[in-house]
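Please open the model in your viewer and keep the sequence panel beside it.

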Amino acid sequence: MSFKTLKAEINALSALFPTNHPRVRIVSNGYDEVVVHFLNGKKKIVLTCTGLDNYLESPPLWFTEDDDPSVTSAMEESAEQCKKTITASLLVILTRVCSKQGLPAMVESSELEKIIAEHSVAASCGKGRPLSAAMSASSCASGGDEDGMMDEDMDADSYDEDEEDEEYGMEVFSQGLDDASAGIDSGCDMDAGDKAVLEKVQKTQLTELSAGKGIGSSVQASDRLMKELRAIFKSDAVKKGIYSVALTTEDSLYDWTVKLYQFDEDSKIYRDLKRLSDKRGSPQCIELNIMYSEKFPVSPPFVRVVSPYIEGGFVMSGGAICMELLTTQGWSVAYSMESTIMQIMVTIAKGGAKIQEAKSPGTYSLQKAQASFKALVETHQKNGWYTPPKTHG
């Protein structure tokens, strides 16, 4: 991935479509997602772009939660034409949406085709072309000779770009974590201990990035996880004690300990936890371990039950959880970790999970969980996933 290209694309889009633009506004321009507001009178259409960690290697992923048929059909048609750069793909989407809603086009069709062609060539060379330059291309001299001159200095340019990408990666990560920290400071609804955790891990992750150590050097994953953790610490569900999240090791964003406390009162797992809480004189919970790779959020997290030992509830013998959502096929970069955790709680409860006190939670292990999860994924790839009828709970 070229960080310079991504930076150029995002900066150009933000400059052309600022937050006060009458029709199109770039309201969030992080390095894991870009959020665009398209205004049609009083109606606001929210477009989100994700999948940027493999930028230029695969097309960016655009989605919307708008249920307007004209918007959804425009998005579907645009998906077939979207190119590898944010600029080209966004212009295709905007053109389609305008056409579907009878609005003046953002860019003339001839100019759009020219911009897309230029961005496609740039993408194949590992470069991006700033949007402001592309949209004024018709008033500029041809760049053919200039492009041809690049071959002469290709080795030196490639070497310099690698160095600049490394430096820029640190810049992006630092900026992302600073933005997250600013979000923490601006909110008075976060526990002081949680705020301290985020501040400490911010420094640790930046140090790891600069040293190029392990998964801590993934800019997009770390930036996204900081945002996810901040959102969870400020969420109503955490404040109400429905669940809690802590870092398994205090300096790593990539390993979480999650404790589930409040399940559906009609479920077996709720009754079991209540019985144990009364018996032991303290709130009991289901403890999960959630691990992330450097490919998050494109790749799903790995989730397993740590304790107590559970029978049913789609929990496998090794502690892995049988959910299509947690597989590569069922996962989406658009899923938040809070919604994922809440869905896991629903699945465990609806699956009739029961606590087996006679069995030690030591029966579970990371190795067993990974092995059982791999086996269930292979099985479902062959036979598909079964969704039980609602009458089954």
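Begin with the largest nonpolar core, which has 55 residues, and select Tyr243, Trp256, Val258, Leu260, Phe263, Ile286 and Leu288, the members that touch the most others. A nonpolar core is here a set of buried Ala, Val, Leu, Ile, Met, Phe, Trp, Tyr and Cys residues joined through side-chain atoms within 4.5 Å. Buried stands for under 20% relative accessible area, exposed for over 50%, and partly exposed for what lies in between, with a 1.4 Å probe and protein chains only. Apart from this core lies another one, of 22 residues, among them Leu6, Val24, Ile26 and Cys98.

Before going further, note that this is a predicted model, in which local features need pLDDT of at least 70 and side-chain atom pairs count only at pLDDT 80 or more, while totals for chains, interfaces and linings use all residues. Residues are numbered from 1 along each chain as its sequence is written, and side-chain values use heavy atoms, with hydrogens and water left out.

Not counting residues up to four places away in sequence, Leu288 touches Trp256, Thr257, Val258, Leu260, Val303, Arg304, Val305, Val306, Ile321 and Ile344, where contact means heavy atoms within 4.5 Å.

Next select Thr340, which lies in helix H12 (residues 337-350); helices (H or I, at least four residues) and strands (E, at least two) are DSSP runs, numbered from the N terminus. Is Thr340 buried or exposed? Thr340 counts as buried because its relative accessibility is 0%. With neighbours within four places in sequence left aside, the contacts of Thr340 are Leu325, Leu326, Trp331 and Tyr335.

Move on to Val92 in helix H3 (residues 86-100), a residue that counts as buried at 1% relative accessibility.

Now colour the cysteines. The structure holds zero disulfides, a disulfide being a pair of cysteine sulfur atoms within 2.5 Å. Cys285 counts as buried at 17% relative accessibility, and Cys322 likewise counts as buried at 17%.

The last stop concerns charged side chains. Side chains of opposite charge can pair when their charged atoms come close. A salt bridge is a side-chain nitrogen of Lys or Arg within 4 Å of a carboxyl oxygen of Asp or Glu, and by this rule the count comes to nine. Select Lys274 and Asp278, whose side chains meet in a salt bridge at 3.3 Å, N to O. Because Lys274 and Asp278 are four residues apart in helix H11 (residues 268-280), they are separated by about one helical turn. Lys274 is partly exposed at 42% relative accessibility, whereas Asp278 is exposed at 56%.

Then select Arg275 and Glu357, which form a salt bridge at 2.7 Å, N to O. This pair links distant parts of the chain, 82 residues apart, with Arg275 in helix H11 and Glu357 in the loop between strand E10 (354-355) and helix H13 (366-383). Arg275 counts as partly exposed at 36% relative accessibility, and Glu357 counts as partly exposed at 37%.

Lys279 counts as exposed at 61% relative accessibility. Salt bridges with shared partners join Asp272, Arg275, Lys279, Arg280 and Glu357 into one network.
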